[in-house]
Amino acid sequence: MLIVPSRRQFLTGLGAGAGLVAATGVYAVDVEPLHRLVVTNYAPVLPRWDPALRLRVAVLADFHICEPYMPFDRVAEIIDATNALKPDLVLMLGDYPAGKIAWRKLPLEQFARMVEGLKAPLGTHAILGNHDWWDDHAVQRSRRGSPAVKRLLEARGIPVMENEAVRLVKDGRPFWLAGLADQQPYFNSFDVGLDDLPATLGTITDDAPVILMAHEPDIFADVPDRVSLTLAGHTHGGQIRLFGHSPAIRRVRGHDYAYGHVIQDGRHLIVSGGFGMSRIPVRFGVPPEIVLLELGTGSASATAA
């Protein structure tokens with residue numbers, strides 16, 4: 001039997017649906033991107049990792065500082081939450097300035113002063129992302145030199161790594177931290193990258209484990225198994241993630257590198273959802289996150305910060 005809803009039932013249902021859409025929009029534009037912050041924990045069992053090397057690493061990606069979406073009080077909240085985790089090492093994966101969605105850009109000098117407050121015995125280390133290059137009009141015009149944010153961070157004692165590696169030691173156990181230059185430094189010339197993976201790995205002089213920082217996860221398709229773990233940002237988890245999928249992020253050679261822990265041919269990649277936004281001011285299903293790695297311990301979960 002066909003049941004036809006009354007006019008009142010139809011209008012009630014229409015109103016409820018419109019209310020749900022409006023509530024979802026408010027959540028995606030305001031609540032999740034501006035007020036939520038989670039700590040996503042990973043404790044992967046990595047190849048070529050020294051099991052006696054126990055390392056706690058905080059990974060911060062894609063700040064995109066600007067008003068109203070990433071003001072300095074929000075940056076301060078992230079820094080405080082990171083320090084409360086008591087990491088051995090803090091890694092920053094690029095994209096510090098905002099993209100075109102910014103209502104008002106914020107000074108990178110103040111951002112650099114703030115992240116100097118990150119605390120970890122093995123220090124804070126950084127790489128650059130595409131927006132660090134795109135936001136610097138001088139290097140875009142000349143295609144020479146480095147973005148100003150590199151100089152500002154290094155003046156605060158935070159090394160910015162471009163195709164280089166450094167050997168670090170925790171409790172007498174060595175490991176290498178490698179950082180790639182950006183793969184998409186020039187706007188509208190995405191096929192011209194400054195990254196040099198072979199040269200970067202060529203600076204490694206022994207068989208200690210390797211952690212590789214790369215802003216864009218695309219490079220993972222070429223990372224050899226000499227690297228125990230690759231870390232990337234850039235995607236923001238797609239900003240909209242539904243049922244474990246990020247529809248806005250294209251696959252790389254048939255592989256999904258949009259978000260989270262990826263294992264491919266025995267190699268490990270973790271892609272952070274980061275903090276900020278670009279293109280559209282929306283996040284839904286992928287709240288801003290601090291990634292916390294517990295290496296040398298032996299699952300993944302998300303907890304509120």
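## Surface patch

Buried means under 20% relative accessible area, exposed over 50%, and partly exposed in between, with a 1.4 Å probe and protein chains only. I240 is partly exposed, at a relative accessible area of 31%. The model is predicted: local features need pLDDT of at least 70, side-chain atom pairs count only at pLDDT 80 or more, and totals for chains, interfaces and linings use all residues. Residues are numbered from 1 along each chain as its sequence is written, and side-chain values use heavy atoms, without hydrogens and water.

I240 lies in the loop between β10 (229-232) and β11 (260-264); strands (E, at least two residues) and helices (H or I, at least four) are DSSP runs numbered from the N terminus. Together with L242, F243 and I280, I240 forms a nonpolar surface patch of about 420 Å² accessible area.

## Six-stranded sheet

Six strands make an open sheet in the order β7-β8-β9-β10-β12-β11, with mixed pairing. Its edge strands, β7 (164-170) and β11, each pair on one side only; pairing requires at least two DSSP bridges between two strands. From one strand to the next, the twist averages 20°.

Seven antiparallel bridges join β7 to β8 (residues 173-179). V166 has L177 in β8 as its bridge partner.

## Helix α2

The 13 residues of α2 (residues 72-84) span 18 Å from first to last C-alpha, close to the 18 Å expected at 1.5 Å a residue. Buried residues of α2 include F72, V75, I78 and I79. Just after α2, K86 has a positive phi of about 50°.

How values were computed:
Patches are made of residues with over 30% relative accessible area and no salt bridge: like charges are joined within 9 Å, nonpolar side chains (Val, Leu, Ile, Met, Phe, Trp, Tyr) within 5 Å. Accessible areas come from the Shrake-Rupley method with a 1.4 Å probe; for residues, only the protein chains shown count as cover. A salt bridge is a side-chain nitrogen of Lys or Arg within 4 Å of a carboxyl oxygen of Asp or Glu. Axes are lines fitted to C-alpha atoms, for helices over the stretch in contact, and angles run from 0 to 180 degrees between N-to-C directions. The expected span of a helix is 1.5 Å times one less than its number of residues.
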